Amino acid sequence: MKKTILLFCLIAMMLSLCSCLRPLPTYNDRKTHHTGESTQDTEKPEVSTEETSETEAPTEPEPAFVAPALSDCIGLYSEASVNYSDGYNDYQATYQLPEILLDSWDAKRANEWIRTTFQPSIDDSIQAQMDKVSLFCFGISYEAWIYDRYLSLVITETNDWDCGRYLVLTFDLTDGTWLSNKEFAAYLGMDDAALFEAIRSSLLYHFDDTYSDLPAEFKDDFFYMQRDKQTSDDAVYDTELFIGRDGSVQMACALFSMAGADSYAHLLPLILTVN
């Protein structure tokens, strides 16, 4: 009997002891203890395995072109002068040849053309001074300017009997190229054929304007022969273009004459609209 009572007492004590023990911690409880994160189970966000495209940086505008100083583009290659008398007339003349300072093959080619064109006139003038004979070339000078990204150069040779001549050039300062008629056409927003016809119509306009006051009796066969020369392909091809100080396209051309020399050199505007 006593053993039975003792057994019941032991069972009662074990039940009482179990009721006082705390339950074992779950997985989430352990995680909370070590990491301090929330005990609430949350699904991890899915990580995309696709590569995310990087946001393209906005394209910065190209910096505006800043033209160099004119003195960095054109220099004086050579200078000469004469001052003498042939016994009848006194002569004094100066000859200046410019040099294009751009670092390009076109600039070197143009410099050679300048010297080949004008050096003989200078040599002849110096020889005329030594021989004390009449002077034919009365001077060589030049002007240069920059419009936007374009460098223009105009060389003028003044000769006796008003037989002067011009050499004109225009360069693109961004790459040092010498503008051809193709580039002038692009500058004007037209094709080569349209530019060719614009030169032709401009030459005809300037011829007619020059002789607009010529009496009708002088407009004979010779007049119309000269007028036909003015519109010939040769006259058009021989016309050189350059960009003026205001950005307009100008012409160095020959205007055929009614007296004296067959033609005389002129600097005239290219007219895009001729009425």
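The side chain of Thr117 reaches 2.7 Å to the backbone oxygen of Trp113. The structure is a predicted model, in which local features need pLDDT of at least 70 and side-chain atom pairs count only at pLDDT 80 or more, while totals for chains, interfaces and linings use all residues. Residues are numbered from 1 along each chain as its sequence is written, and side-chain values use heavy atoms, with hydrogens and water left out.

Thr117 is placed in helix H3, residues 105-131 (helices, H or I of at least four residues, and strands, E of at least two, are DSSP runs numbered from the N terminus). Thr117 counts as buried because its relative accessibility is 18% (buried means under 20% relative accessible area, exposed over 50%, partly exposed in between, with a 1.4 Å probe and protein chains only). Apart from neighbours within four places in sequence, Thr117 is in contact with Arg165 and Leu167 (contact means heavy atoms within 4.5 Å).

Buried residues of H5 include Leu195, Phe196, Ile199, Leu203 and Phe207. Among the elements that cover the buried residues of H5 are helix H4 (181-188), helix H6 (221-230) and strand S8 (249-256).

The whole structure holds 11 aromatic pairs (rings of Phe, Tyr and Trp, the last by its six-membered ring, pair if their centres lie within 6.5 Å; planes under 30 degrees apart count as stacked, over 60 as edge-to-face and the rest as tilted). The rings of Phe207 and Phe223 have centres 5.5 Å apart and planes at 40°, so this pair is tilted. The pair links distant parts of the chain, with Phe207 in helix H5 and Phe223 in helix H6, 16 residues apart. Phe207 and Phe223 are both buried. Ring pairs join Phe207, Tyr211, Phe223 and Tyr224 into a cluster.

Notes. Polar contact = N/O pair within 3.5 Å; in protein donor to acceptor, adjacent residues only side chain to side chain.
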